[in-house]
Amino acid sequence: MSALLTNLCEKGIVSEMLVKLWNNGVLQLGIWETIYMTVLSAFFAYLIGLPLGMILAVTDEGGIRPVRWLNSLLGVIINFFRSIPCIILMVAMIPVARLIVHTSLGNGAVIVTLIIAAAPYVARMVESSIKEVNAGIIEAAQAMGCTNAQIVLHVLLPEAKPSLIQGAVISTVTIFGYTALAATLGGTGLGQIAIIYGHQRSNGDITWLCVVLMVVIVQLIQLVGTFIARRTDKRIK
Amino acid sequence: MIELKHLSKTYESSAGRVEALKDINLTISDGEIFGVIGLSGAGKSTLVRCINLLERPTEGEVWIDGQELTALSRSELLRVRRGIGMIFQGFNLLEQRNVLDNVAFPLEIEGMKKAQAREKAKELLALVGLSERERAYPAQLSGGQKQRVAIARALATNPKYLLCDEATSALDPNTTRSILELLRQINEEMGVTIIIITHEMKVIDQICDRVAVIDHSCIAEEGRVADVFTSPQSEIAKELILPQDRKALAAQTDGGRRLRIIFDGQKSRRPVISDLVLECQAPVNILFADTKDFEGTVYGHMILELPHDKRQEEKIIAWLKNSGVTWKEEV
């Protein structure tokens, strides 16, 4: 790989900077950092967003346990966060990050702000997946004498699983997009490489390489996610 | 025994008040198959949902085996519901569980061990004739098979009552017949009291012992199926039971006098029409006939148009009056 890059560089196809980045392992580290920031943020965003989305669906007027005030309150809070452009929200959440990870710099802080930005989005995705569950199935469970907790655990979650996985794929790709914005907050990864080495030092080939790498990563997420969703969905004959 | 007392259900919406049920009084005895028939929107689905309180009535009481359901706490109500099975028009199976686990589901909910629940589920699948499909998922089954799974699931907790909400409305006539046959078998062999909601007269006809006709949120008529069938009193019952003959009558405007002969189970062994024609030596035109063999005797109606000839007409009337046949003038 290294020899190939040197060869391409001698022919003037790629810049010296790119070769240096590869040989120093900066590019490889960037790929890894982007992936782990995405996965970690998505995981915690779901830890918060999944219960929130479930509460939204359950307490809704047509849900199994309507609680109007709770539903409205959560709705307002989530819409508040959702209406702030992601980059502004991330900047605004730096103090919160400092509280939690005791630093406002680096990937730790970036992940905290990413989670806060993504959790409300995830909550809405989960809510819509849960609401897709056939009302008749819920009614059948109620007729059997299921408690609401049993309906949530044994009916809503398993029945919505394929849709939840599809939603997780979309959310993960969105969070992946957010990680590039994190470069402006001192986060690292492919986004930072594209901006600092590609844009600011006018190496177009580095920018394009980052673009290609990001496209490949998104395609992989999409492919694996869709595969899992299809494998778990028993509605397909 | 299920008793509904002065049951009313009113929905308040932005579009205004909707009275889905008005002062419903019904008693359903243990061991019978009770039918509720009505046109769509008449309130029959709301009625069946009031029995297990999926819909809470606005007024009135629901008594099941001496317990008044609307007065129960939530946990007590959930326990009562476990003793009442329910099946639906849309089957409502868990689509991400296979057939066996669908049937085992209500048992797991009750806290039974998974292995034990599956054993019981296997017995029930054998009962409904679906043992070979236990590993299949609902999406791989036909409508009739799905309803059989739903029936097995509803019976898993050994309920005393089974509520059927338009359970055969999504099925073709042959499948409907076999599902009804299964329900009758369950009623006879397991002693399960069955309440059937339907808009199809043939469902009532095939398996119900008693029927209530519901119209515009009220019970218009109630009684033994044979009685309601042979002499429907209410307009709605007449419409549901005799839909074709009205059309036939509208089409026939020959002007002859029309009589309705009623077969009420007593004169069924006798060839009434042949006797009439042979003895009176007068032709009659059969405009409409709908007779059914019911528990070994024949019930039904036949509408005859008499000849224009006055003498023949009088002869026929005189014969009918002496014959003991139930008949009346049809207008």
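Which residue stands opposite B:Ala212 in β10(B)? The residue opposite B:Ala212 is B:Glu222.

This is a predicted model, in which local features need pLDDT of at least 70, side-chain atom pairs count only at pLDDT 80 or more, and totals for chains, interfaces and linings use all residues. Residues are numbered from 1 along each chain as its sequence is written, and chains are lettered from A and ligands numbered from 1 in the order in which they are written.

**The sheet of chain B**

Helices (H or I, at least four residues) and strands (E, at least two) are DSSP runs, numbered from the N terminus. Strand β9 (residues 210–215) of chain B runs antiparallel to β10(B), and six bridges join them. Two strands pair if DSSP finds at least two bridges between them. Both strands belong to an open sheet of six strands with mixed pairing, in the order β6-β7-β8-β3-β9-β10 (chain B). Because β6 and β10 (218–224) of chain B stand at the edges with a single partner strand each, one side of each is left without a neighbour in the sheet.

**The domains of chain B**

An automatic or database domain assignment supplies the domain bounds. Chain B is divided into two domains, whose centres, taken over C-alpha atoms, are separated by 39 Å.

**The contact between the chains**

The contact of the two chains takes 19 residues from chain A and 18 residues from chain B. Elements giving two or more residues to the side of chain B that touches chain A are α2 (74–81), β6 (84–88) and α3 (99–109) of chain B. The largest share of this side, three residues, comes from α2(B).

**Two helices of chain A**

Helix α3 (residues 26–59) of chain A and helix α9 (residues 148–181) of chain A have axes that come within 9 Å and cross at roughly 140°. Axes are lines fitted to C-alpha atoms, for helices over the stretch in contact, and angles run from 0 to 180 degrees between N-to-C directions. The helices α3(A) and α9(A) are therefore oblique to each other; angles under 35 degrees count as roughly parallel, over 145 as roughly antiparallel, 65 to 115 as roughly perpendicular and the rest as oblique. Among the contacting residues are A:Met37 of α3(A) and A:Phe176 of α9(A).

How values were computed. Contact = placed C-beta atoms within 7 Å.
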